[in-house]
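Subject: Structure handover

Dear colleague,

Here is the structure you were going to look at. My notes on it follow below.

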Amino acid sequence: MAGLSAPLVRIAVAAFACVVAAGWAETTAAAEPQAAAPAGRGLPAPASFADNPRVITHYEARTALFADYPPLDGGVAFVGDSLTEGGDWAALFPGVTLRNYGISGDRAEGVLARHAQVVAARPGRILLLIGTNNLSRGVSPAAVDADVSATLDRFRAALPGTQLVVQSVLPRQPQFDAAIRELNALLRQTAARHGAAFVDLHPAFVVQGGRLDPAVTRDELHLTSVGYARWAGLIARCVREGACG
């Protein structure tokens, strides 16, 4: 840095260090989801996910991670999309043996495609919440319900002693209100047909206009810590005691 005074040299060096640090942080953050995903271990995402390559990558990384898990042999499996993945369930339910099988961006057909990983864990209880990402892509409530029904069929056949729990889809932006209500009505019936409990979360989260309560979200879809605390309160007895529905 010839020609620069000592103070300017110090400023230039500091600026360079900040740029390098920022670049390193960005690189490592982008690489982190892949770090726990050995090549070839993840399950292929369903063909319907082709509209979102980021979700495909995350789905394969998460299922690679799940492949390395030892069996639960009891306990609770939380299964779903980003709402499930985003929950710190171990902190919300200290002392409970549990596992988070949530995958951000997942859809009903994605859970169906990876149901065997949940079965392999042999959980004593499965809490399922899925479907909002299907509805946002224009998939009919009936089609979502059909995939959930098929998933429950497989869970029940492979794990006859496991308690199955279907949770209602949460409200989100108001334009999805009618479809969410229709899907939840179908899911309630489907759960009953499969001998599964149905936990209706929707009334505790919906506000006027059919939208997600602003007190629990920043984007009308995902939950804040306040939202997760509310959710945990609604399912506490289900998770800890099996008193569901």
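Which residues of α8 are buried? They are Pro141, Val144, Asp145, Val148, Ser149, Ala150, Thr151, Leu152 and Phe155. Buried here means under 20% relative accessible area, exposed means over 50%, and partly exposed is in between, with a 1.4 Å probe and protein chains only. The cover over these α8 residues includes α5 (108-113), α6 (115-121), β3 (125-129), α7, β4 and α9.

Before the rest, some ground rules. The model is predicted, so local features need pLDDT of at least 70 and side-chain atom pairs count only at pLDDT 80 or more, while totals for chains, interfaces and linings use all residues. Residues are numbered from 1 along each chain as its sequence is written, and side-chain values use heavy atoms, with hydrogens and water left out.

Overall picture

The protein has 11 helices and seven strands. Both are DSSP runs numbered from the N terminus: helices are H or I with at least four residues, strands are E with at least two. Of the 245 residues, 47% are buried. The protein exposes about 11,500 Å², and carbon and sulfur atoms supply 59% of that area; accessible areas come from the Shrake-Rupley method with a 1.4 Å probe, and for residues only the protein chains shown count as cover. Among contacts with a separation of 6 or more, 69% are between residues 24 or more positions apart, where contact means heavy atoms within 4.5 Å.

The sheet

Five strands form an open sheet in the order β2-β1-β3-β4-β5, with parallel pairing. Strands β2 (98-102) and β5 (197-199) are at the edges with a single partner strand each, so one side of each has no neighbour in the sheet. Two strands count as paired if DSSP finds at least two bridges between them. On average, neighbouring strands of this sheet are turned by 20 degrees against each other, direction ignored. Helix α9 (residues 177-193) packs on the sheet and touches β4 (163-167) and β5, and its direction makes about 155 degrees with that of β5. The axes behind such angles are lines fitted to C-alpha atoms, for helices over the stretch in contact, and the angles run from 0 to 180 degrees between N-to-C directions.

Strand β1 (residues 76-80) pairs with β2 in the parallel sense over five bridges, and five bridges also join β1 to β3, again parallel. On the β2 side, alanine 77 has arginine 99 as its bridge partner, and glycine 80 stands opposite glycine 102. On the β3 side, valine 76 stands opposite arginine 125. Five of the five residues of β1 are buried, so the strand is largely enclosed by the rest of the structure. In a regular strand the side chains alternate between the two faces of the sheet. In β1, Val76, Phe78 and Gly80 lie on one side and Ala77 and Val79 on the other, and both faces are covered.

Helices

Helix α8 (residues 141-158) has 18 residues, which should span 26 Å at 1.5 Å a residue, and its end C-alpha atoms are 26 Å apart, which agrees. The expected span is 1.5 Å times one less than the number of residues.

Leucine 135 is in helix α7 (residues 132-135) and counts as buried, because its relative accessibility is 7%. Not counting residues up to four places away in sequence, leucine 135 touches Ser140, Pro141, Val144, Phe176, Ala179, Ile180 and Leu183.

Helix α11 (residues 225-241) has 17 residues and reaches 23 Å from its first C-alpha to its last, close to the expected 24 Å. There is a kink of about 60 degrees in α11, centred on isoleucine 235; the bend at a residue is the angle between axes fitted to the seven residues ending there and the seven starting there. Isoleucine 235 is also one of the buried residues of α11. After α11 comes glycine 242, with a positive phi near 80 degrees.

Two loop residues

Most residues other than glycine have a negative phi. Aspartate 73, in the loop between α2 (53-67) and β1, has a positive phi of about 50 degrees. Aspartate 73 counts as exposed, at 52% relative accessibility. Arginine 122, in the loop between α6 and β3, also has a positive phi, near 50 degrees. Arginine 122 is partly exposed, with a relative accessible area of 42%.

Regards
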